[in-house]
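Good morning, and thank you for coming. I shall present one structure today, and I ask that you keep the display in view as I speak.

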Amino acid sequence: MSEAPSLEPQPVPYGTWPSPISASMISKLSASVEDILVDSVTSAIYYIEKRPEEGGRNVIVSLSEGVDVIGRDWNARTVVQEYGGAPAAVHRNVLVFSNLGDGQVYTTDLLARTSPTVVTNARACRFADFAYHPRLSNYVVCIAEDHTKPEPENIVTTLVCVNLAAGTDTPPGVLFSGADFYSSPRFNSDGTLLAWVEWEHPDMPWDGAQVCVAAVDGVNGSLGIASHKLPRTRIAGRPSAISAIQPTWLNHTTLVFSCDISGYQNPWIAAVHQQDAAYSVETRALFNDPVGMDFADPSWWLGESNICVLDESKLLFSASRDGRTVLYVVSTDGTRTQVESPFVHVSRMRRVGNLNVIFLASTVDKGMSLIRCSFTDGLTPTFTYLLPGGPPPLSASYISLPVPMTLAIPDVGQSDRDAQTLVHVVYYAPKSPLYKGRPGEKPPAIVNVHGGPSSVERQGLNLIKQFFTSRGWSWIDINYSGSSNYGREYMDRLKGNWGVYDVHDCVHAALTLSSSSHNLIDPKRIVIRGGSAGGYTTLSALSQTDPVLRAVFAAGVSSYGVSDLRKLAELTHKFQSHYVQTLVGGGFDEIPDVYRARSPVFNAGIIKAPLLILQGSIDPIVPPTQAEDMIKVIRDGGGSVEYSVFEGESHGWRKADTIARALELELDFYERSLGL
């Protein structure tokens, strides 16, 4: 779209402005790059693209040729830990990937473009996070998740070795077992050492993941652990106390990782010393003094990487400050240099070669794209877009830019009524080159609650937010207590307090921004929305027993939101099967009254604000029964609730039709609820 004409904006009621950003436009532009693959030998680059127009399947694409390297019958996606990630790897022009349809591992020669060949026959297993051995190229180490007994307590996760040349008659060999979870297997450059991450229930990885290392032997063409040289050795992390993640080999004896022992995820380094036939490991913090920033993101998905090797003495880190990415070059002597960049979110960093990195990144006015970052010897960076920067095809004059804010609100954890605490929010103002609000009018506002809850709402361009701001809405992202990337103390605030602190922060952020101190939004036209854990907070906010708090929001939209904490704890998948207990403060048998008090379904009868519930029909994390139970109680109590189920959708929307329809339903619901 060309630049909008330079006209004086016309006064039109907020929330009713015509906009060029349509739901169908967003669905058509919603294909996204989910991961990057770099051939560790040839440095050829491939990327994994999610395509809503093809039913949400994941396709692997050659960057240099711009063509798919797997056909339409394949879906390079895994649901290990349900959230998946890291479904593929490339080495010496051979692709290994997990196919969603049957969960099995396949290989294909990327030069010959052969049809994928199956190499596993473990129908009850799921595989992910592949690491090729650098010398014995027929071997990959990966995570195997065995669902032979599908109950969460009976699912077995192991670290296994797959012989890609042996055929399906040779089952994967188990290298390590016993921990509840494994991730991030990484070989050093000569394949003599293997590092990985493991953790146990009741922890999530950000609670107490541990980085481990062991020696590896390749004898007679086979691969195994050399326990006589270096058995499994935990080098960082402690259950329920210290989280260590993202092991990255700097060279064949030096491992860099991130650890939050200081209260923030900061870089650490481990030196593996060899004497005769034995090894020992020495670790230290990379910085002389802790830095109050997180240098790694929480591990919701496999394959996350905030660390990338530039050369044998320098690394590139993507850290977080005020909810935005900050790039640093960090040397092994602990010095760090901030790299000026336009990006507010950087993820999936991968090494391409010396002083060359590739990653996914977004700016405030360009969506997520594939970026090459090349440094000179003097560490001056050059950023190159390798794919279009996630259009939109519209004038920049329609784009509302994020304004991060830290608000002082009442501290719900203190008896002193004057005590205050801080909450982080991001504000987006209504924006159009053609329209403005009427004199004296304040805009309606959407309070957006991110999922997780141990996650964060990013500030890169998101067309869904612009869909609303270009129509005259304010949009407010709440990075409430419990959100990640603000340090462990802020994230741990929610432990034992889910359904209390998150709701409190959303309510009081809305009240603060509508008060005379800010005067940004109309206090009578505030709606709340969220998905998953954000849907739970939405339902909780609308069902508060305090009528003053309950009246803050005029309407709400919950997408696959939790309504019954006991059922979530009983029925959810293995990865999060103890997460609820940590967030609520104990098991149902210990504190049944707390579960009941904080489960929206038991207070749903008092909900009077209009509510829209959107749900996927095959969601294994928050099944449709959570929505249906909530709906019955609301209707029995005389409340107004609308319900839409999207067939074939799981925990989040992957299909183009669903993305468009859900957005259309949401906008129509708000307009009717507020009488716009």
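**An enclosed helix, a sheet and a pocket**

The buried residues of helix H6 are Ala533, Gly534, Gly535, Tyr536, Thr537, Thr538, Leu539, Ser540, Ala541 and Leu542. Buried here means under 20% relative accessible area with a 1.4 Å probe, protein chains only. Ten of the ten residues of H6 (533-542) are thus buried, so the helix is largely enclosed by the rest of the structure.

A word on the source. This is a predicted model, in which local features need pLDDT of at least 70 and side-chain atom pairs count only at pLDDT 80 or more, while totals for chains, interfaces and linings use all residues. Residues are numbered from 1 along each chain as its sequence is written, and side-chain values use heavy atoms, leaving out hydrogens and water.

I turn to the sheet. Four strands (DSSP runs of E, at least two residues) form an open, antiparallel sheet in the order E19-E20-E21-E22; strands pair if DSSP finds at least two bridges between them. E19 (244-251) and E22 (278-285) stand at the edges with a single partner strand each, so one side of each has no neighbour in the sheet. Five bridges join E19 to E20 (residues 254-259), and Ile245 has Ser258 in E20 as its bridge partner.

Which strand gives the most to the lining of the second largest pocket? That strand is E19, with six residues. Strands E2 (32-38) and E27 (345-353) are among those that each supply at least two.

Note on methods
Buried < 20%, exposed > 50% of the residue type's maximum accessible area, 1.4 Å probe, protein only.
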